[in-house]
Amino acid sequence: SLAAFGKAYEAGFKTIECDVRICGSGELVLAHDDDISRLSGASGLVSALPLAALRTLGYEEPATLFAAMPSDMTFVLDIKSDGVAQRLAYLIEKECVAGRNRDQFIATGFNHRELALLKQQVPEIKLVPAFAGVPAGGVDYLVQMGAQAVCLLWMDGVMDISFAHECRQKGIALWLFVPTLDQKVQEQVANLVPEACIVDVA
């Protein structure tokens, strides 16, 4: 929610992560799940419902978030669905005309096709594709994408450590997504010296 992002900024966090989808009427919406039942108690899919209906359930648009956040906030945008790249590129350019810098926008997610399309339209954007394992092309795949970093999932302490080290050797920064950050995980993660660590607090 906008309130949660605002509290994060007040607590000193200058970077926030949010998920972006296309709704049924074609606009961009901030939503992790396509199914709205978990958060709203209603039934339906973000991809099928019009923006007007989603607004009544508390869903926000990226443009609203950008307008509400201070000028020094950085946004990590997780692309969740097809069709996001073109609309998001337009929105980012609009924000840059209004005074933000392109390096305040970082694109991540498992939808590598949309990430590549966004990179074509906003060449300066930082790409951080996400993986649950090792991509078929290895580090070369990341280089071809133009990725500056890679986000690896750390689930139950399982991750391909050798791939993480190979990425770092090739100049690709390491991000980690972890379900929790207890003492044991902190110690394991620290040894990898990640550039960023995303913790699931839902």
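The count of disulfides here is zero. Keep in mind that this is a predicted model. Take Cys151. Cys151 forms no disulfide, and its nearest cysteine sulfur, in Cys197, sits 8.9 Å away. A disulfide needs two sulfurs within 2.5 Å. Cys151 is buried, at 5% relative accessible area.

On to the cores. The largest nonpolar core counts 29 residues. Leu65, Phe75, Leu77 and Leu118 have the most contacts inside it. Several elements each supply at least two residues, among them strand S3 (74-79) and helix H6 (112-121). Which element gives the most? That is H5, with seven residues. There is also a second, separate core of 18 residues. Its members include Cys167, along with Val139, Leu152 and Leu176.

Back to Leu118 for a moment. Beyond its neighbours up to four places away in sequence, Leu118 touches Ile79, Ala85, Leu88, Ala89, Ala107 and Ile125.

Last, the charged residue. Asp19 lies in strand S1, residues 15-22. Asp19 is buried, yet has no salt bridge. What is the nearest side chain of opposite charge? Lys80, at 4.1 Å. A salt bridge has to be within 4 Å. Asp19 does touch Lys80, and its other contacts include Asp78 and His32.

Notes. Residues numbered from 1 in each chain as written. Predicted model: local features only at pLDDT ≥ 70, side-chain atom pairs only at ≥ 80, totals over all residues. Heavy atoms only, no water. Buried < 20%, exposed > 50% of the residue type's maximum accessible area, 1.4 Å probe, protein only. Helix = DSSP H or I, 4+ residues; strand = E, 2+ residues; numbered from the N terminus. Lys, Arg positive; Asp, Glu negative; His and termini not counted. Contact = heavy atoms within 4.5 Å. Core = buried A, V, L, I, M, F, W, Y, C linked by side-chain atoms within 4.5 Å.
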